[in-house]
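User: Please examine the structure shown below and answer a series of questions about it.

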Amino acid sequence: MPAEIEEDFDVICCACGTGGTLAGIAAGLPPGRRALGFSVLKGGQFLDAAVRELQSGDSGNWRIETEFHFGGFAKRTAELDGFIDDFERQHGIRLEWVYEAKMMYGIFALAQRANANREQQSSQSSTPRNGADRRR
């Protein structure tokens with residue numbers, strides 16, 4: 001699949017149930033690109049080993065996020081349902097909740113964290129560091 005993508009990209013994401021799609025995507029990535037999987041299973045840490053086994057090793061260009069499962073496979077919460085409704089209102093696309101919505105929620109959450117971390121680092125680096133300011 002990565003060979004068919006004509007747009008430039010750094011990371012490609014997919015939802016993970018068994019790890020097979022992630023393993024295949026990672027195996028087909030050009031150098032310098034990464035794959036990010038989102039486990040839809042509670043306790044999905046075992047998928048790391050499954051992906052390595054499917055690849056006959058570890059290509060080192062992928063990782064799996066395991067915190068966005070919303071209770072496990074085919075489970076959902078009001079928070080996820082709210083995200084699905086909001087996404088549809090904003091983008092006109094209704095996300096499927098077993099796989100797609102969990103992945104998209106994870107992508108948005110990780111992007112929000114990265115922005116918050118950048119803002120925090122920026123505000124810390126712009127704070128004056130002389131002796132008078134330390135007394136505040």
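Analyst: A polar contact is a pair of N or O atoms within 3.5 Å; within protein, one must be able to donate a hydrogen and the other to accept it, and residues adjacent in sequence count only if both atoms are side-chain atoms. The model is predicted: local features need pLDDT of at least 70, side-chain atom pairs count only at pLDDT 80 or more, and totals for chains, interfaces and linings use all residues. Residues are numbered from 1 along each chain as its sequence is written, and side-chain values use heavy atoms, without hydrogens and water.

User: Which residue does the side chain of N61 join in a polar contact of 2.4 Å?

Analyst: N61 lies in the loop between α2 and β3, where helices (H or I, at least four residues) and strands (E, at least two) are DSSP runs numbered from the N terminus. The side chain of N61 makes a polar contact of 2.4 Å, and its partner is the side chain of S59.

User: Where do the buried residues of α1 lie on the helix?

Analyst: Helix α1 spans residues 20-27, and its buried residues are L22, A23, I25 and A26. Seen down the axis of α1, these residues fall within an arc of 165 degrees, so they line one face; the arc is that of the directions from the helix axis to the C-beta atoms. On the other side of α1, T21 and A27 are exposed. The location of the buried residues is therefore one face of the helix.

User: Which elements do the buried residues of α1 pack against?

Analyst: The partners include both strands and a helix. The strands are β1 (11-16), β2 (34-39) and β3 (62-65), and the helix, at residues 47-54, is α2.

User: Which strands are the edge strands of the sheet?

Analyst: The sheet is open and has 3 strands in the order β1-β2-β3, with parallel pairing; two strands pair if DSSP finds at least two bridges between them. Each edge strand pairs on one side only, and these strands are β1 and β3.

User: Which residue of β2 is the bridge partner of C16?

Analyst: β1 and β2 pair in the parallel sense over 6 bridges. Along this pairing, I12 stands opposite A35 of β2. The bridge partner of C16 in β2 is S39.

User: How many of the 6 residues of β2 are buried?

Analyst: β2 is largely enclosed by the rest of the structure, because most of its residues fall under the burial cut-off. Of the 6 residues of this strand, the number buried is 5.

User: How far apart are V51 and W62 in space, C-alpha to C-alpha?

Analyst: V51 is in helix α2 and is buried, at 0% relative accessibility. Leaving aside neighbours within four places in sequence, V51 is in contact with G19, L22, A23, G57, W62 and I64. V51 and W62 are 11 residues apart in sequence, and their C-alpha separation in space is 9.3 Å.

User: What phi does F70 have?

Analyst: F70 is located in the loop between β3 and α3 and counts as buried at 12% relative accessibility. Not counting residues up to four places away in sequence, F70 touches K75, R76, T77, E79, L80, K102 and Y105. Most residues other than glycine have a negative phi. F70 is not a glycine, yet its phi is positive, at about 55 degrees.

User: Is A74 buried or partly exposed?

Analyst: A74 also lies in the loop between β3 and α3 and has a positive phi of about 60 degrees, although it is not a glycine. The relative accessibility of A74 is 36%, so this residue counts as partly exposed.

Technical notes: Buried means under 20% relative accessible area, exposed over 50%, partly exposed in between (1.4 Å probe, protein chains only). Contact means heavy atoms within 4.5 Å.
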